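Thanks for coming, everyone. Let me put the model up on the screen, and then I'll walk you through it.

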Amino acid sequence: MVGPSGAGKTTLLRSCNGTVPAAAGGVAINGRALSDMGERELRRTRSELAFIPQDLALVPELRVVANVLAGGFGRGGLLTALRALLKPRRADAQRAFELLQRVGVGDQLYKRSDKLSGGEQQRVAVARALFGGPRVLLADEPVASVDPERARDTLALLLELAREQGFALLVSLHNLKLARELFGRLLGLRRGRLLFDCAPEQLGPGELAALYALDPSEDEQRD
Amino acid sequence: MKTSAEELRRARPRSRLLRAVAWAAAALVLLSWASGDFGLEQLSGERRLANLERFTGELRPWPVQQQGGFDAASTADWQTVYDWAAALMADGGSAALASTAAIAVLASVLAALAGYLACWPAARNVACPAPFFGGPAVAAQRPGLGWTRWAWSVLNHSLRAVLLFARAVPEYLWAFLLVESLGYTALPAVLALAIHNAGILGRLGAETVENMPPAPARALAAAGATRSQTAAAVFPGLLPRLLLYFFYRWETCVREATVLGMLGVLSLGSLIRDARAGNLYDELFFYVLLGAMMVLAGDLLSALARGLVRRA
Amino acid sequence: MSSATDSRAGTQRTMVGAGKRRAVVGAIAAAGLASAALLSAQGQLALPGLESLELLARFFSHALRPALDYGSPFVPVSAPPLLLQVATATWRTVQLAVAAMSLALPVALLLGFAGASAWWRLPGPGGRAVLRRLGPLVYAPARVVMTLARSVHELLWALLFLAAVGLSDTAAVLAIAIPYAGTLGKVFSEMIDEAPRDAAVQLTGSGATAAQAFSVALLPRALPDMAAYSFYRFECALRSAAVLGFFGPETLGKFIRLAWNESLYAELWTYLYALFTLIALSDMASRALRQRFLGEAPAR
């Protein structure tokens, strides 16, 4: 999903799991509209839709393991949460460790989350998303704050994980070049509207110009 | 490279200080309860319970006690209570209320004046030979400043000690010492509150000065501004925070001003003390409630003012 | 163009802000002057005579010579050595403060959680409808209890206990614990409500219940501030415990009053330095902890 800032990428991602209600139209998952779901069904659905926000939203005061385990709260109650906080079950900790190792930060399992670097925190957020065993992973600008080399690695990792664990991946990106290079399907968004939905090879210069064109009327509005 | 979560768990970083404090706190609590004489029987016992019954009975206004009962539906009964309260207010109540408020306001203003003046030389990044450039650590690297460094350090440390002493002694204790020597006027009460709170505001102000963003002050100091010029220039930037602290302290000044009267100064506290001395529990209760309402009003006003400062 | 307008608007806003601040400062100064006028009209600010200043001078002149032993010839033989007496009074002060805090803290935690709005206003599935209905029913009474408890000063609570059942040590503990529970609870609930919500919202978005998000993503964020504030309140409890000695319990305040009444200024300073050391130690300990783990100094 590509588009200039303010295009509505984040809003669209957030409406996918129902944290932002859709202003028009609706979101349906396996034929069921989110807005029709009761609390219990919504909760079960959400637990299969992992979401990585741009600011990661880790709890900085907690150890990494508690943050990773938080990804699986959708399947448990308050007790699960308190256990994750105070004394994680051995099997859970081991699974968190394996996921962290998979994304390359296994050794940080028991560090305080705010002691980690930005790149490491991002990997923890990925592990948290994976811990719930998602069927869809929504990632909002996962590479907005990392250098280009790291950005490619992160996206490649997400794609690899999607293939390996069989979940669908929906990513919003600023960087069109990376998107064309790595992804099989592109959605172009601008000012809340879908401009195109196609494979990268089908993308012509006309669509690109429309996506990033400076719009005089828009600037006047801003003034 | 650790290979299992369990190994990592055993090697997890744990803070010795945090655990030591937790154990010390637990031990202190156990020791206090075990060695202290805090039995519930101190609150019961036949004589005490009888006393308690009399006490709670006499909390009701005197006319109501004489009448033998209170009918909440009767306007005449309410009128009696109102007359009783109005008589208490006229008979010193409102004067005490006014002087309590005045003591609190004057004391907190004086405390702010003294504290926010003292906070500059009490800040480590100001009281050093290279002010606003990161404090003594940086100053230490500059050669040829031997005795000035020493002088600033002496000034800084002694001022901090004075501020610590001022706030370590509670308001009530300051007031006791000053009332006994200066006489039973509002002056010692005001001074007592001002001294204690100047100690607190001085410390908070010094922390604010030490934590301010260094760039603007550095630019000024580098351009040749003196210490006081730079301080005056950066002061407006610190003002919102200092005002927040002021209003928090003002709240506690109102609380304390009500009780300082128990030492004999005219405030709600003196009426409370007199009522207690005369076993007039209904009046005692009335003045305690009046004080509580005053504290609430003070908190409300402070919350409004803090909201104004935050939004400004 | 647009950035220039923005910055102009920004300057204007800060200028308005500065104007408001100046108004607040002006109001404070005016209130201070009015208070001084009122008090001096009542004859309450009269400067003391010379002899009372001499008394103060005599008191302060002993500051550098605190007593290490009794100065008065009228001390009974059975009395413990002065320094032991000071140590005992200091320990009684600590004991009272610790006991009061250990009662106040659990109550304040309960009241603080109940009086926060975050636990029933958080978005997210999982009994939300029940919580929303239950929330105000728990929240409002908790707030009222906290307000009542803290708006009466601990010395007034002590006086009420004194009149009702006598100021035993237990009553003294309760006199401190009741208003402290109210104050701590109020500040705790504010801290919980002010904690950043991003992580909690994120968790509810991936299927966590509001209760889970509250306990894992909200409470841990407020805890450092709550701990720092509790340490500060402990310091206050030490002072309150010392002052309660004026009303009976054998803490530092009692001996300070006795020493003053008998004009034993050197002994008085010994007790004052004991109190000073106590407060300074707790101040240093809480600062060490704060710098490593916790937030800024509490201002409230």
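This is a predicted model: local features need pLDDT of at least 70, side-chain atom pairs count only at pLDDT 80 or more; totals for chains, interfaces and linings use all residues.

Start with chain C. It has 11 helices and zero strands. So what is the order of elements from the N terminus on? Read along chain C and you get α-α-α-α-α-α-α-α-α-α-α. Chain C has 300 residues, and 47% of them are buried. Now take the contacts in chain C between residues at least 6 apart in sequence. Of these, 75% join residues at least 24 apart.

Chain C is divided in two. Domain 1 covers 2-46, and domain 2 covers 82-292. How many Å separate their centres, taken over C-alpha atoms? The separation between domain 1 of chain C and domain 2 of chain C is 33 Å.

Next, helix H10 of chain C, residues 252-261. Is this helix enclosed or open? Seven of its 10 residues are buried, so H10 of chain C is largely enclosed by the rest of the structure. Here is the list. Buried are Leu252(C), Gly253(C), Lys254(C), Phe255(C), Ile256(C), Arg257(C) and Ala259(C). Note Lys254(C) and Arg257(C) among them. And what do these buried residues pack against? Within chain C, helix H3 (82-114), helix H9 (210-244) and helix H11 (265-292). From chain B, helix H8 (171-182) joins them. Just after H10(C) comes Ser263(C), with a positive phi of about 55 degrees.

Now the core. The largest nonpolar core holds 227 residues. Which of them touch the most other members? Ala96(A), Ala100(C) and Tyr271(C). By element, H9(C) gives the most to this core, 19 residues. Stay on Ala100(C) for a moment. Set aside its neighbours within four places in sequence. Ala100(C) then contacts Val173(C), Ile176(C), Ala177(C) and Tyr180(C), and also Ala237(C) and Ala241(C).

One more residue in chain C: Gln202(C). It lies in helix H8 of chain C, residues 198-205. Buried or exposed? Gln202(C) has 24 C-beta neighbours inside 10 Å, and the cut-off for buried is 20 or more, so it counts as buried. Part of its surroundings comes from another chain: Gln202(C) touches Pro53(A) and Ala57(A), leaving out residues up to four places away in sequence. Along its own chain, Ala213(C) is 11 residues away, and the two C-alpha atoms are separated by 8.6 Å.

Then chains A and B. Here eight residues of chain B are in contact with nine of chain A. The chain B side has four charged residues, three nonpolar and one polar.

Last stop, the strands of chain A. Three strands form an open sheet, in the order S3-S4-S5, with parallel pairing. Which strands are at the edges? Strand S3 (49-52) and strand S5 (168-172) of chain A, each pairing on one side only. Ignoring direction, neighbouring strands of this sheet are turned by 15 degrees against each other on average. Helix H1 of chain A, residues 9-16, packs on the sheet and touches S3, S4 and S5 of chain A. The direction of this helix makes about 150 degrees with that of S4(A). Strand S4 of chain A, residues 136-140, is joined to S5(A) by five bridges. Within that pair, Leu137(A) has Leu169(A) as its bridge partner.

Chain A also has a hairpin. Strand S6 (186-190) and strand S7 (193-198) of chain A pair over five bridges, in the antiparallel sense. Opposite Arg190(A) stands Arg193(A) in S7(A). Two residues lie between the strands, and Arg191(A) takes a positive phi near 45 degrees. How many residues of S6(A) are buried? Four of its five, which leaves S6(A) mostly covered.

That's the tour. Over to you for discussion.

Definitions and conventions
Residues are numbered from 1 along each chain as its sequence is written. Chains are lettered from A and ligands numbered from 1 in the order in which they are written. Two residues are in contact if their C-beta atoms, placed from the backbone, lie within 7 Å. Ala, Val, Leu, Ile, Met, Phe, Trp, Tyr, Cys and Pro count as nonpolar, Asp, Glu, Lys and Arg as charged, and the others, Gly among them, as polar. Domain bounds come from an automatic or database domain assignment. Two strands pair if DSSP finds at least two bridges between them. Axes are lines fitted to C-alpha atoms, for helices over the stretch in contact, and angles run from 0 to 180 degrees between N-to-C directions. A residue is buried if 20 or more other C-beta atoms lie within 10 Å of its own, exposed if 12 or fewer, and partly exposed in between; C-beta atoms are placed from the backbone. A nonpolar core is a set of buried Ala, Val, Leu, Ile, Met, Phe, Trp, Tyr and Cys residues joined through C-beta atoms within 7 Å.
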